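Please keep the coordinates open while reading.

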Amino acid sequence: MTNIAILTGRIARDPESRETKGGTNVTGITVVTDRPARDKDGKTYKDENGYTAKESEFHRVTCFNGLAKTVGQYCTKGQLVSFQGRIHYTQWEDKDGVTRYGTEILADKVDFLSRGNGSSDENDNKDAPEID
């Protein structure tokens with residue numbers, strides 16, 4: 001049995017990095033993917049500009065340790081990336097005692113498909129890993 005997820009899309013907002021009490025680096029990001037929108041008959045259609053209409057989906061991606069450091073340092077909003085990992089489901093009780101559920105991708109690998117949107121300051125991604 002296999003649990004593999006591959007996402008290719010743009011980063012919706014800058015990564016959020018933290019370190020656990022145990023010293024593990026964790027970085028969370030949101031990746032946006034698009035697919036053609038379909039009408040009630042299941043057919044794609046054009047938007048007001050003549051392009052195929054798209055529907056966007058937002059995916060939570062979590063990275064750990066060295067990958068978390070790399071993603072936290074070199075990824076920025078709008079950057080095109082591809083993540084490979086596994087789907088992880090969580091369940092918890094909120095402060096009101098209501099059971100909540102969540103889904104995320106636990107990343108094992110990232111490919112930088114574009115450079116970040118860095119400005120001319122020290123965060124311009126000049127030291128980012130090479131793009132294949």
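Which residue in β3 does R10 stand opposite? The model is a predicted one, and in it R10 stands opposite V32 in β3. This position belongs to the pairing of β1 with β3, where 2 bridges join strands that run antiparallel.

Strand β1, made of residues 5–11, also pairs with strand β5, residues 80–93. These two strands run antiparallel and are joined by 6 bridges.

Strand β3 spans residues 25–36, with N25 in it. Is N25 buried or exposed? The relative accessible area of N25 is 18%, and because buried means under 20%, N25 counts as buried. Leaving aside residues up to four places away in sequence, N25 touches R18, E19, C63, F64, N65, A68 and K69.

How many salt bridges does the structure hold? There are 5. In one of them E55 pairs with R35, and the closest N and O atoms are 3.4 Å apart. E55 sits in strand β4 (residues 54–64) and R35 in strand β3, so that this pair links distant parts of the chain, 20 residues apart.

A salt bridge also joins the side chains of R35 and E57, with an N to O distance of 3.7 Å. Because R35 lies in strand β3 and E57 in strand β4, the pair ties together parts that are 22 residues apart in sequence. Taken together, R35, E55 and E57 are linked in a network of salt bridges.

How accessible are the members of this network? R35 is partly exposed at 40% relative accessibility. E55 counts as partly exposed at 31%, and E57 counts as partly exposed at 34%. The cut-offs behind these labels are under 20% for buried and over 50% for exposed, with partly exposed in between.

Another salt bridge is formed by R100 and D94, where the closest N and O atoms lie 3.1 Å apart. With a relative accessible area of 40%, R100 is partly exposed.

Methods: Residues are numbered from 1 along each chain as its sequence is written. This is a predicted model: local features need pLDDT of at least 70, side-chain atom pairs count only at pLDDT 80 or more; totals for chains, interfaces and linings use all residues. Side-chain values use heavy atoms; hydrogens and water are left out. Helices (H or I, at least four residues) and strands (E, at least two) are DSSP runs, numbered from the N terminus. Buried means under 20% relative accessible area, exposed over 50%, partly exposed in between (1.4 Å probe, protein chains only). Contact means heavy atoms within 4.5 Å. A salt bridge is a side-chain nitrogen of Lys or Arg within 4 Å of a carboxyl oxygen of Asp or Glu. Two strands pair if DSSP finds at least two bridges between them.
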